Amino acid sequence: MNTIRRTTQLRNLLHSDQTEFILEAHNGLSARIVEEAGFRGIWGSGLALSAQHAVRDNNELSWTQVVNILEFMSDATTIPILLDGDTGYGDFNNMRRLVRKLEQRDIGGVCIEDKLFPKTNSFIQGERQELEDVETFCGKIQAGKDAQQDADFCIVARVEALIAGWGLEEALRRGEAYRRAGADAILIHSKLSRPDEILAFAREWDNRCPLVIVPTKYYSTPTEVFREQGISLVIWANHLVRSAIAAMQATPRMIHETESLVEVEGRVATVAEIFRLQGADELLEAEKIYARSTRQEATAIILAASRGQGMDELTRDRPKVMIPVAGKTVLRRLVDKFKAQGINDITVVGGYRSEAIDAQGVKLVVNADWESGSELASLSCALDALSDNSVLLYGDLLFRTYILNNLMDWESDLLVVVDSSPLDQAAGNKNDLAYCSAADDRAMYQQKVSLERISSDVEWQGRPPDGRWIGMLRARGAGRQHLLDALGQLRGEPGYETMGVPDLVNRLVANGHAPQVQYISGHWMDINNLEDLQRAGDFAQGQA
Ligand code: SPV
Ligand code: MG
């Protein structure tokens, strides 16, 4: 990366002891491409800047619009931009303001031409173009020089006398007057296909100050000729906008004709190349350092490996998660919920008929040993997905959105959702009865209650359960490691093959890491049989 000021870089180019080259760019992307190609400077071409917006090179683009585009170009690069500032967009006073605005955007310099506002491109009826009065133009140059804050900011004065048909003498007279007025370099322009008049000017000029040329029309001149004549800076003035136009015309033609993308795919830049040019990698790296919000990194793990019982016909070819409920599979409903919550990293552990799982938008991992029935073995397949902020849940759950919202809002390291509605009314697996440190006090928000046990026993320590665990667990921060530790312990113990997530939760309690309880009252269900499935349709419809 170049640490020299861009004004200084441009000045160095103009005063280098060899002929230097700059290339046109017209937006942030093309400017970055010019720099990547190895150029040491950029021409902010008025023609290209306006052409990319399909307006004419007649100051139809306002000067503030030009400055806004330059801001993107400047941000995207480290090399200097020489702006084609047309006539300075007005009189000496407009010129002063332009210079200040350009300096604020770290532009290396500006070129102004001695025509009248609004100007016309030099290649459109050039001989009919009226030139600015010499003294007036000198005043504009001087005002610009007086306005600049950075001593190295360059003002290039462009002589249009040859374009307008005035001849060499007038061109030289103007060049000299502009040099005396303070111009840092003179641009001499020609519309001829041979370089003769430019070379004649250069010979007479004899390096009084740096000379700049634009060989658009006399492009076939060997570059060596410019070197020999001591030209300071050559501007390749419009070749990115022209290459973009040619490419942009070819692509739609082909797509339109073939009604397919097959032919063009290999001829256009890859999407990965777009990302590279945008600097997408840098953002990913920066996110690791700065984006510390737990929400952004949240992951979800959906356990969907077992076939389940009581739904033989419906799960003949697919696991439960793929059963449609009111027109949408249970899995899709879960994925939609997570995505709405900003959780995009979703892992599904499949097993039974995992090939039937629609893995769009999720990572599918397969527990090949699903038949043994161990939920913990399934969970072990998804440990990579366990982050500092993870939700773990069963794949047959339907629930109201607020339950997940609230779950993600709580600060606790470990959290389980418990439904405190009366057991005979509550939905769900009758094995997952929850015993907690306190009953649900519905009057309290985020009541501090911890889990003591999940079990199928309808009574424990002489008391009834406080509710039913709905099959949803969240681990964040240190909770992740507690979970991994407990899982590691259980893995070495007898009976591991038949253990479920409740065993894991009970081990967390035994280890002194009892999860907090988020009480809810209804608003969820899981699907264990055909009757549930019928209710599920109503439940889903009720939510819509
Ligand atoms: C431009 O690139 O906008 C120029 C050069 O001013 S020319 O189009 O040749 O006038
Ligand atoms: Mg121009």
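Modeller: A residue is counted as near a molecule if one of its heavy atoms lies within 4 Å of it. The model in view is a predicted one. By that cut-off, the residues around ligand 1 are Trp43, Ser45, Gly46, Leu47, Asp84, Asn121, Ser122, Phe123, Arg158, His189 and Ala237. Sorted by class, this shell comprises 4 nonpolar, 5 polar and 2 charged residues.

Several polar contacts may be named within the shell. From the backbone, a polar atom of Gly46 is 3.2 Å from an oxygen atom of ligand 1. Leu47 also contributes through its backbone, where an N or O atom lies 2.8 Å from an oxygen atom of the ligand. Asn121 takes part through its side chain, a polar atom of which lies 3.0 Å from an oxygen atom of ligand 1. Taken alone, the ligand exposes 280 Å², and the protein buries 100% of that area. As for its location, ligand 1 sits in the largest cavity.

A cis peptide bond, with omega at about -5 degrees, joins Phe117 and Pro118. Pro118 belongs to the loop between strand 4 (109–113) and helix 6 (134–147). Another loop, between strand 10 (324–325) and strand 11 (328–329), holds Ala326. Although Ala326 is not a glycine, its phi is positive, at about 50 degrees.

Finally, there are the aromatic rings, for which the count comes to 7 pairs. In the pair of Phe201 and Trp205, the ring centres are 5.7 Å apart and the planes stand at 15 degrees, so the pair is stacked; planes under 30 degrees apart count as such. Both Phe201 and Trp205 lie in helix 8 (residues 196–205), where they are 4 residues apart, about one turn of the helix.

Conventions:
Residues are numbered from 1 along each chain as its sequence is written. Chains are lettered from A and ligands numbered from 1 in the order in which they are written. This is a predicted model: local features need pLDDT of at least 70, side-chain atom pairs count only at pLDDT 80 or more; totals for chains, interfaces and linings use all residues. Side-chain values use heavy atoms; hydrogens and water are left out. A polar contact is a pair of N or O atoms within 3.5 Å; within protein, one must be able to donate a hydrogen and the other to accept it, and residues adjacent in sequence count only if both atoms are side-chain atoms. Accessible areas come from the Shrake-Rupley method with a 1.4 Å probe; for residues, only the protein chains shown count as cover. On a 1 Å grid over the protein atoms alone, a cavity is a set of points where a 1.4 Å probe fits but cannot get out, and a pocket is an open set with protein on both sides within 12 Å along at least five of seven lines; lining residues have an atom within 4 Å of a point. A molecule sits in a cavity or pocket if more than half of its atoms lie within 2 Å of its grid points. Ala, Val, Leu, Ile, Met, Phe, Trp, Tyr, Cys and Pro count as nonpolar, Asp, Glu, Lys and Arg as charged, and the others, Gly among them, as polar. Rings of Phe, Tyr and Trp (its six-membered ring) pair if their centres lie within 6.5 Å; planes under 30 degrees apart count as stacked, over 60 as edge-to-face and the rest as tilted. Helices (H or I, at least four residues) and strands (E, at least two) are DSSP runs, numbered from the N terminus.
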